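I opened the model and kept notes as I went. The entries follow the order in which I looked things up.

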Amino acid sequence: LIRMKILRRSNGRATVISIDNVDEFTQYVINSSTRVIVYFWADSNGLSRLLGSRLEEKIAVRDGDVVMVNVNIDWAGEIALEWDVSTVPLIIEFKNGRSTRILKGNASDDVLNSFIENIVDV
């Protein structure tokens, strides 16, 4: 079952993608030449749904310089296990297929903006 879907585009490029299997994770995160924010969340966690919506809005206005990949751990348990996701929400930054920074739990708009700006500026 493949559930990948492009949720938002900017300048013709996908900026927010939802995936649920290891092959898609490899394609859109590990093999990406663009900086990627992976957002781990769960249907059962209202806080993670709210934070995800805020994060999507912030990524969507970045003109494709950062891609957000949503991973619902209820559907993608194998990915969550591989990355040792024990709590949601969890944001992991990837550059050249490697995890570079992690943001755990809820975050204010200022923290999210700073996290995204630092991805772009590095």
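The notes below cover ring pairs, a hairpin, a helix and some backbone angles.

**Ground rules.** This is a predicted model, so I keep to its thresholds: local features need pLDDT of at least 70, side-chain atom pairs count only at pLDDT 80 or more, and totals for chains, interfaces and linings use all residues. I number residues from 1 along each chain as its sequence is written, and side-chain values use heavy atoms, with hydrogens and water left out.

**Aromatic pairs.** I searched the whole structure and found three aromatic pairs. I count rings of Phe, Tyr and Trp (its six-membered ring) as a pair if their centres lie within 6.5 Å; planes under 30 degrees apart are stacked, over 60 edge-to-face, and the rest tilted. I looked up Phe 25 and Trp 83: the ring centres are 5.8 Å apart and the planes stand at 40°, so I list this pair as tilted. Phe 25 is in helix 1 (residues 22–30), while Trp 83 is in the loop between helix 3 (77–82) and strand 5 (90–95), 58 residues apart. For the element names I use DSSP runs numbered from the N terminus, with helices (H or I) of at least four residues and strands (E) of at least two.

Next I checked Phe 25 against Phe 94. That pair is edge-to-face, at 5.8 Å centre to centre and 85° between the planes. Phe 94 belongs to strand 5 and Phe 25 to helix 1, so the pair ties together parts 69 residues apart in sequence. I note that ring pairs link Phe 25, Trp 83 and Phe 94 into a cluster.

Phe 25 is buried at 3% and Phe 94 is buried at 0%, whereas Trp 83 is partly exposed at 24%.

I moved on to strand 5 and strand 6 (residues 98–104), which run antiparallel and are joined by six bridges; two strands pair if DSSP finds at least two bridges between them. Glu 93 has Arg 101 in strand 6 as its bridge partner. Arg 101 also lies over the face of Phe 115, 4.1 Å from the ring centre; the test is NZ of Lys or CZ of Arg within 6 Å of the ring centre and within 35 degrees of the ring normal. The two strands form a hairpin with two residues between them, and Asn 96 in the turn has a positive phi of about 50°. Asn 96 is exposed, at 57% relative accessibility.

**Helix 2.** How far apart are the end C-alpha atoms of helix 2? I find 21 Å, which agrees with the 21 Å that the 15 residues of helix 2 (residues 46–60) should span at 1.5 Å a residue; the expected span is 1.5 Å times one less than the number of residues. Buried residues of helix 2 include Leu 51, Leu 55, Glu 56 and Lys 58.

**Loop between helix 3 and strand 5.** Most residues other than glycine have a negative phi, and most peptide bonds are trans. I looked for exceptions. Val 88 and Pro 89 are joined by a cis peptide bond, with omega about 0°, and Pro 89 is in this loop. Asp 84, in the loop too, has a positive phi near 55°. I note Asp 84 as exposed, at 64% relative accessibility.

Definitions and conventions: Buried means under 20% relative accessible area, exposed over 50%, partly exposed in between (1.4 Å probe, protein chains only).
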